[in-house]
Amino acid sequence: MAGRINDDDVKVVRDAVPIDTVVSEYLQLRPAGGGNMKGLCPFHDEKSPSFQVSPSKGLFHCFGCQEGGDTIAFVMKIDHLSFSETVERLAAKAGITLRYEEGGYNPTHQRGERIRLVEAHKAAADFYVEQLGGEEAAIGRKFLAERGFDQSAAEHFGVGYSPAGWDHLTRFLRGKGFSDKELLLAGLSQDGRRGPIDRFRGRLMWPIRDISGEVVGFGARKLRDDDNGPKYLNTPDTAIYKKSQVLYGVDLAKKDIAKASRAVVVEGYTDVMACHLAGITTAIATCGTAFGTDHIKILRRLLMDNGSARVIFTFDGDAAGQKAALRAFEDDQKFAAETYIAIAPDGMDPCELRLNKGDAAVQDLVEPRTPLFEFAIRQIVSRYDLETPAGRASALDEAGPIVARIKNGASQHEVAVQLAGILGILDTQFVVKRVAQMARWARDRGGRGPAGPASSSSSSASSSSSSYASGQSPALSGPALNLRSPAHRTERELLKLALQRPELVSPAFDAYGVDEFTAPPYAAVRRAVEDAGGAEQGMASAPEYLAGVREAAPNDAVRALVTELAVEVFHGKTIDEAYAGEQLVRVRLRAVDLRIHDVTSTLARLGTGADHERHQAVQNELWVLQQYRQSLRNSGAAAL
């Protein structure tokens, strides 16, 4: 056994690797004032950045989920490493040789499992790259050349070749000191009749790197007709590789994604290569699986969910590509970014487009063309005869629920109006009301429908405040609730109203976002109310409503808090609409004030040299928020 790492060496490692540099490999950080940086927390879902890094202190802390610590703690948490594995990894990055108290310098075979698997993949990637230059790999070089990729392109993306023999890589890695067990655990080898053999044989190899740039897997493309395997073969899920949690090219694209607030999602490795070589350096792809929730989390941390962020999907124009686009729309509401779809008129993918029409055609393709929701709706209604009343009615019945899933009331209304135009239904209000009805039905059935429209706010104010809505439920964690805090007291009182006297706060309460409740336990209760169908449900039957909220609670702690709030007495002397309105306004005002602070900081950082349109957009948002704040102060609940 290797001994304990020398304490002085641990301190040297901790001091040598700046925490903001490490954290920036996983998420975008922006100035937060006082020398601190902020970003979207990688440990829980949130709409507004509550994760802060202090480079001067070498510490991070999330005010949402209460995770915190130093550089070592961050890497341990995010990459699921042990303490020693983390120190070893950081030491390797900093070029520091570690000493061990009992075992002297650490022998290679004693290093942590995850680090050993990563090292095996790095060695394998180097091996494959070297093999690409050999005689046997001529077929692989031809494949690349036919798609417009020269040697420099292959080198930039680390493309390699796996020899066709049974165990070339296995024997090579054994010679590097890796055990058969490690090679099997890494997914680089597999069991054969006489021992481990190479998993990848006679294929073109793409290294798949995680967001920090470490090789964690491979994508292998079939080259020969006598290869009976699938067209693409990926590394199986291992301790370091989960295909649903990696994006090909993200290590190369992450900085430009954060800088441009734009990500381009393509379908394959060659599409990523084509886009990057054509100047679209924000392109990434999934690794043999559908674009899903974990992929969204990666992009959200890079995009920071600011209002100008864009995600552009470039799916093939065939039926499979259209199906993939519709799957992507299923997760559209998890983005704060605007989502678009781009399909070449002739159905070519980015690789084919670059080969046939050049770099400029690829650049034109990914300019936002069709909003994803519009594409999804048009794909649905295209199956119906819109020339007949029956066809339009049937199309509305299928497309309406899609629109009803949009959580923000103002956006839902706007898309419903567009749906009426697509269907050719002249009575726009009929479609709007029909969509709203579908949303209510979804909530009645316990679905995650939209929260419902605000009672009487202006559309511009509702749109501006929408950035507070629809965050994921925070964990019931963090410091004890501070009932001396005016914010906590008001949030608690509003939740009591929503549970005990829902008729006094509906429908305005149902338009409030989870992240308008600054205490995580209260945010969890707010989410439970939403999941149970909203406070509007409580106006019919109080016992059933409270039972539904308790059932929707994610755990016993939240369930107990729901019960506590449902029986606790109010602080006000007279519990009426005026009192309820006061609580609603206080909670909303605090949310608006926080947003104004963020937007003002953004404006200050942009300065006078910023892009005029961007600067104007931020100024307009600030103006709308300030007007909304003034309206809340002057008109109270009437402005909600």
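How many bridges join β2 to strand β3, and in which sense do the two run? I looked this up in the predicted model and found 3 bridges, with β2 and β3 (residues 51-54) antiparallel.

**Entry 1: strands β1 to β3**

I then checked the other pairing of β2. Strand β1 (residues 30-33) pairs with β2 (residues 36-39), again over 3 bridges and in the antiparallel sense. I followed Lys 38 through both pairings. Lys 38 is the bridge partner of Arg 30, and Lys 38 also stands opposite Gln 52 in β3.

**Entry 2: the sheet with β9 and β10**

I traced the strand order next. The order is β6-β9-β10-β11, an open sheet of 4 strands with antiparallel pairing.

Strand β9 (residues 203-209) and strand β10 (residues 215-222) run antiparallel and are joined by 7 bridges. In this pairing Met 205 stands opposite Ala 220 of β10. I also looked for a helix against these strands. Helix α6 (residues 138-146) lies across β9 and β10, and its direction is at about 70° to β9.

**Entry 3: salt bridges**

I ran the search over the whole structure and got 28 salt bridges. I wrote down three of them in detail.

Arg 4 and Asp 7 form one, with the closest N and O atoms 2.7 Å apart. Arg 4 is partly exposed at 47% relative accessibility, and Asp 7 is also partly exposed, with a relative accessible area of 47%.

Arg 116 and Glu 119 form another, at 3.7 Å from N to O. These two are 3 residues apart in helix α5 (residues 113-131), which means that about one helical turn separates them. I checked burial for each: Arg 116 is buried at 1% relative accessibility, whereas Glu 119 is partly exposed at 28%. A network of salt bridges links Arg 116, Glu 119 and Glu 182.

Arg 586 and Glu 582 meet at 2.6 Å, N to O. Their spacing is 4 residues in helix α26 (residues 577-606), so they too are about one helical turn apart. Arg 586 is partly exposed, at 44%, and Glu 582 is partly exposed at 34%. I kept the general rule beside these entries: an α-helix has 3.6 residues a turn, so residues three or four places apart point the same way.

**Entry 4: helix α14**

Which residues of α14 are buried? I listed Pro 350, Cys 351, Leu 353 and Arg 354 in this helix, which covers residues 350-357. Seen down the axis of α14, the buried residues fall within an arc of 165°, so they line one face of the helix. I looked up what that set packs against and found β12 (262-266), α11 (269-277) and α15 (359-365).

I finished with the two ends of α14. At its start, a side-chain oxygen of Asp 349 comes to within 3.1 Å of the backbone nitrogen of Cys 351. After the helix comes Gly 358, with a positive phi near 95°.

Terms used: Residues numbered from 1 in each chain as written. Predicted model: local features only at pLDDT ≥ 70, side-chain atom pairs only at ≥ 80, totals over all residues. Heavy atoms only, no water. Pairing = 2+ DSSP bridges. Salt bridge = Lys/Arg side-chain N within 4 Å of Asp/Glu carboxyl O. Buried < 20%, exposed > 50% of the residue type's maximum accessible area, 1.4 Å probe, protein only. Contact = heavy atoms within 4.5 Å. Axes fitted to C-alpha atoms, helices over the stretch in contact; angles between N-to-C directions. Arc of directions from axis to C-beta. Polar contact = N/O pair within 3.5 Å; in protein donor to acceptor, adjacent residues only side chain to side chain.
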